[in-house]
Amino acid sequence: MKNNLPKKTIRWKLFFTMISLVISLLTCITFIQIKTQTNLLNKELTSQIKLVKNNLRSRAYIISDSSVNYIENKLISHNSNPDQAETNTFLNEIVVKNDELVYAILMDTSRKVKTHTSNPQLTDKILNTEAALFAVQQKIPAINEYQRDNIFVLEIISPLKFSLFQSGVLRLGFSLAILQQKINQSKQKNDQRIKEMIIESSLIACLFLIFASPIIIVLSNKLSKPISDLTKVVNQLATGDFTAAENLNLKTHDEIEVLANTFVEMSKNLKHSYEKLENYNYDLERQVDKRTIELAEARDQALNANEVKTQFLATVSHEIRNPMHAIINTTELILKTQLNSKQRNHLDNVLNISNTLVYLINDLLDIAKIEAGKLTLEEIPLNLKEILNNISNLTLVRAEKKSIKLEFILEDNIPLFLMGDPIRLSQVLLNLVTNAIKFTPTGKVIVSIKMLAAEPNNVTLKFCVTDTGIGLTPEQIANLFQSFNQADETIARKHGGTGLGLVISKQLVEMMGGYINLTSNLGKGSQFYFELNLKLDAALLPKTPDLPEKLKNLKILIVDDDDISRMVLQSYLESFGFMVDSVDSGEHALSLLLKTTQAAHYGLVLMDWEMPELDGIETSKRIKLNHQITKTPTIIMVTSHSREDVLPHLHEGEIDALLVKPVEPYNLLENIARTLKIDITNYSQQPIQIKNTDKKITGTRILVVDDDDINRLIAKEMLEDEGLAVDLADGGQQALEKINQYQFDIVLMDLQMPGMDGYETCEKIRSNPEHKDLIIIALSAHAMSEIKDKCLQVGMNDYVSKPFKITALIKTLTYWIQTKENITENAQKETIQKINNQHVFACLSGVDIELALDKLSGKTAIFRELLSNFSRDFSNISNKINQAFCTKDDVSAKRLIHSLKGASASISATLLYEKSQKLELAINQQENRFQALSECDTALKQLLDSIEKLPK
């Protein structure tokens, strides 16, 4: 350790302190001496001045008295008019005889100068001086001192009397120059004496310092040496030398000696403590080393256990997924055959239960992936409307069995096409909605999505699931997001569940960059909510397929009180190319049907059953019996109730067909065609969303490689139903033989097979240059992400997890079969169309044309209609908002602004949307509202003017 030596020792501090004290003392003594001497000299000078003045005054009075007597006698002898020449001569003689006398002035009472011995030409000037005024006012002899012509004058004023009356005054001015000269000489002498005293004092101080410095140095050394010795010992002690204080022996007989002795004792205690600390450190290091080894072993055991657990879960998942794959796909194959309603109902239940079991296995795998850090998220296009529809389809039946109202609320200004992981987002929402239904005995469950913030490339959304269920206590909330934990021990027995759903949801939301939380009131319900920031995506809606001629002109009316259900059904039907309208009640449906003409009648009505006031059955009866309706439409009842509940009404002719929720797009199209007795056999191979319009997939040769007989047969039947040519191989060796013998387009490869597994088989296939472009897709019940990575590493093109939906598999196959030429051709067509659209709508101000048309699947006619409606509905909205501002009607103003903002978002008027959003913020913050309104009005007028300029 570095010694802490002082920059300035105490010895020199003491020395300079003592020197400073001595200098200060000598300075004070010299100052007092000089001050005293100065006071004595000043007193002496004052006495001299007083003495000189007294002598001068005595002489002046004598001269004045004699002069006055002379002049008064002349006044008497000449009868108050003495000879002026004689008087003047007399006064001049007096002035000449007396050196101190400067002038003699004789004045009458009117200040007229009769005689002036100094300068007779100054007579007029003398009359108005203050001295003259003072002089003529004196009744008795007086003295006046003043300065005249830079000379200090002592003036003796003597009044002149004639016959007891004052006839004038005599002024004799005596110079004080001699007195001033004496005063200056005295001051010079005093200053000289003071300088001599200062020099003497300085010499004495220097001599004193010269003789006193050695004494001061000796004293400072004597005082500082003990402290210096103590400092050295402290530095040695700081370096770890605890024996340094043993040689410290100070005999100063003062506080320093007491301090030194105390320090010696302290050093002994420190030495003892240090020795004990070293022993403790040694023991602690041994324990830490031992504990480190134990922790390393425990960590390795934990990692091994976690790896074993993960591997075990993966193995169990694989062993369960294989039979589940067989059950699910076999069930789906049976459902395609001719079945009665009861058989189809039982098989639907088997399929639902199988899917539930798959969900449980997926949850277990998700937990394992999260703990192992192997769960990854995708960022692909997603559609919020489709996600909500899927949630509705999966949960609506369960909710209605408990008479729970399931509501979906999606704000109008929320963009539907975003980028993210739709599967994981759906998983989180499904977990929350399922839990809400599970723990809600009665009431409703509301799923809502709100937009918290919007930017050009992304939006922040808040997803809420609110229920009127049993609620939670703060203690239960604290344990809610822990694995295999329910809020209450009785919950698992009463409601079922493993407690994994919320844990997985929390992890997934955090991985997506958001956070999840909840609020709850015991007995009143709970609200789970999470926020996510998602990027925008301008992906197109699915392309409209070519419908049979009989369906192309079909006009359909949707009657449903649930907004989300109407919206979803309408999106499905419009994606097929139908003309669709929708209403929210039976009364509105009847009113609309009565107004339609023969040419514009509705050929089909999709009727919800349970609606307030007028339900679907009663509405259907009134439609069928009302002869004022131009043409009675076909009615399909859409319900989540069992078929047995609705069949009586079907037999009575009140409805024409029945469609049970959840509704799948292709099932919807198939039911419509069946009800209207239109053959769509050529369209029934697969659901319309993924239906292959490229004829190259038909007849594609596929080799299925799987060691399980059942899986091979199921795959063969499912793929052949889709029009593919299928060959089978029971293992890797047989697959190699067939690939070398026959030409295949795709190989579906199982991974876990005896002998040669899928990885080794793929490597051997790729080792042959002839098969470098052969498409190999892995089919496995393993669902860990590293499995997919390993597949890609050995040369496989893609990976599909069992159990799979045939639709998903066909979609994957279609993707890999499509040629590069087709992709390029489609891209060119889309580019040409976009360029044409950009040219037509180029005049629009502040509108993202490409985004607007993407939302409408490129339908320019609908876009024109939207622009026309916008121009009609919002041309006068600025005046309405301004009037609301003036009347302080903020509620109406906010409603109008919100409508404008939503409408501008619907037509992708980005500039107007930003200005209306700014206006909405201004009214909420109560500032700059009129300025914001002005900017919004400018953007609105520009947009309206540009709409008018569109080519007709």
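Reader: Why is N431 called buried?

Author: In this predicted model, N431 has a relative accessibility of 15%, and buried means under 20%, so N431 counts as buried. The residue lies in helix α9, where N431 touches G501 and S505, leaving aside residues up to four places away in sequence.

Reader: What makes S505 count as buried or exposed?

Author: The relative accessibility of S505 is 0%, and with the limit for buried set at under 20%, S505 therefore counts as buried. S505 is placed in helix α12, which covers residues 500-511, and its contacts, apart from residues up to four places away in sequence, are V428, N431 and I516.

Reader: How do you know that α9 and α12 meet, and which residues take part?

Author: Contact means heavy atoms within 4.5 Å, and on the side of α9 the residues that meet α12 are R424, Q427, V428, N431, L432 and N435, while α12 contributes G501, L502, I504, S505, L508 and V509. The axes of α9 (residues 422-438) and α12 come within 9 Å and cross at roughly 145°, in a left-handed crossing. The residues of this contact divide into six nonpolar, five polar and one charged.

Reader: Why are α15 and α16 called roughly parallel?

Author: Helix α15 (residues 586-595) and helix α16 (residues 616-625) pack at an angle of about 15°, and angles under 35 degrees count as roughly parallel, so that α15 and α16 are roughly parallel to each other. Their axes are 10 Å apart, and α15 passes α16 in a right-handed crossing. The contact is formed by G586, L590 and L593 from α15 together with T619, R622 and I623 from α16, and these residues divide into three nonpolar, two polar and one charged.

Reader: What makes β19 and β22 the edges of their sheet?

Author: The sheet is open and has five strands in the order β19-β18-β20-β21-β22, with parallel pairing. β19 (725-729) and β22 (798-801) each have a single partner strand, so one side of each is left without a neighbour in the sheet. On average, and with direction ignored, neighbouring strands of this sheet are turned by 20° against each other.

Reader: What makes β18 mostly covered?

Author: Four of the five residues of β18 are buried, where buried again means under 20% relative accessible area, and on this count β18 is described as mostly covered.

Technical notes:
Residues numbered from 1 in each chain as written. Predicted model: local features only at pLDDT ≥ 70, side-chain atom pairs only at ≥ 80, totals over all residues. Heavy atoms only, no water. Helix = DSSP H or I, 4+ residues; strand = E, 2+ residues; numbered from the N terminus. Buried < 20%, exposed > 50% of the residue type's maximum accessible area, 1.4 Å probe, protein only. Axes fitted to C-alpha atoms, helices over the stretch in contact; angles between N-to-C directions. Parallel < 35°, antiparallel > 145°, perpendicular 65-115°, else oblique. Left-handed = near helix turned anticlockwise from the far one by under 90°. Nonpolar A, V, L, I, M, F, W, Y, C, P; charged D, E, K, R; others polar. Pairing = 2+ DSSP bridges.
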